[in-house]
Amino acid sequence: MEPPRDLKAACVAEAIVLIEEVGLEKLSLRDVARRLGVSHQAPYKHFENRDHILAEAVGAVFAQFAAYLNDRPDLGDPWADLRALGLRYFAYAEERPLHYRLMFSSVLPPAAAYPEMMRQAQHAFSLLRARIAALPRGAQSADAIEQDALFVWSTIHGLVSVMNADAFATLELSDAARAQRIDAALDRIGAALAAR
């Protein structure tokens, strides 16, 4: 096997694949090197330790997440654009559950030690803040926008978590309630923000 031209990028990509296949707990630089067909010391040219490559992998996944959220048409209506962002969030969680779990349900390296990882995570959240700031609701303070963004994110994230845990199986919900859960959540988010 010929070594990759960009070893650092290849290591990050392979780390993500390895996490998906065997779990975060089994991630090691040695296994990344073995899978790439390079010496077990080669990744250490770019990564100090396991936390370093994990932070790079998480940052890359957050960047992919933000790009996915952004990859939607501008509908020209701030409320419709916010709803479209919410639908993209649900779609990402459904299409890439392992990436979603890596970002939001994993023990991550310390944020202070890996600022680029946090910059990528904050960028994804900034997309939501920007959509909320664009809503036609009169003057909005920065604090109000932050609080609304936290409300929207925690509501959507909570529903995704319940869906991913298959907690609906324990509830006696009608088929209609199950089918409408995403639209109903987004409708209620919109109503709450409009009332504010």
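The largest nonpolar core here has 57 residues, and L27, V32, I53, F65, L128 and I156 have the most contacts inside it. (Such a core is a set of buried Ala, Val, Leu, Ile, Met, Phe, Trp, Tyr and Cys residues joined through side-chain atoms within 4.5 Å; buried means under 20% relative accessible area, exposed over 50% and partly exposed in between, with a 1.4 Å probe and protein chains only.) The elements that give two or more residues to this core are α1 (7–22), α2 (29–36), α3 (50–70), α4 (78–95), α5 (97–104), α6 (115–133), α7 (142–164) and α9 (181–195). The largest share, 11 residues, comes from α3. Helices (H or I, at least four residues) and strands (E, at least two) are DSSP runs, numbered from the N terminus.

Please keep in mind that this is a predicted model: local features need pLDDT of at least 70, side-chain atom pairs count only at pLDDT 80 or more, and totals for chains, interfaces and linings use all residues. Residues are numbered from 1 along each chain as its sequence is written, and side-chain values use heavy atoms, with hydrogens and water left out.

**Contacts of two residues**

- F65, one of the core residues with the most contacts, touches Y89, Y92, M103, F104 and A124, not counting residues up to four places away in sequence. (Contact means heavy atoms within 4.5 Å.)
- H157 lies in helix α7 and counts as buried because its relative accessibility is 15%.
- Leaving aside neighbours within four places in sequence, H157 is in contact with Y89, Y100 and F104.

**Salt bridges**

- The count comes to 10 salt bridges, each being a side-chain nitrogen of Lys or Arg within 4 Å of a carboxyl oxygen of Asp or Glu.
- R35 and E14 meet through their side chains at 2.8 Å, N to O. This pair links distant parts of the chain, with R35 in helix α2 and E14 in helix α1, 21 residues apart.
- R35 counts as partly exposed at 23% relative accessibility, while E14 counts as buried at 17%.
- D71 and R88 form a salt bridge at 4.0 Å, N to O. D71 lies in the loop between α3 and α4 and R88 in helix α4, so the pair ties together parts that are 17 residues apart in sequence.
- With a relative accessibility of 55%, D71 counts as exposed.
- R119 and E116 form a salt bridge at 2.9 Å, N to O. Both residues lie in helix α6, three residues apart, which is about one turn of the helix.
- R119 is partly exposed, with a relative accessible area of 46%, and E116 counts as partly exposed at 40%.
- Salt bridges that share partners join E14, E21 and R35 into one network.

**The largest pocket**

- About 420 Å³ of space lies in the largest pocket. On a 1 Å grid over the protein atoms alone, a pocket is an open set of points where a 1.4 Å probe fits, with protein on both sides within 12 Å along at least five of seven lines; lining residues have an atom within 4 Å of a point. Grid points are joined across faces, edges and corners, and the volume is the space filled by probe spheres set on the points.
- There are 25 lining residues, and the closest to the pocket centre are Y89, A124, F125, L128 and W153.
- Two or more lining residues come from each of α3, α4, α5, α6, α7 and α9, and α6 gives the most, with seven residues.
- The lining divides into 20 nonpolar, three polar and two charged residues. (Ala, Val, Leu, Ile, Met, Phe, Trp, Tyr, Cys and Pro count as nonpolar, Asp, Glu, Lys and Arg as charged, and the others, Gly among them, as polar.)
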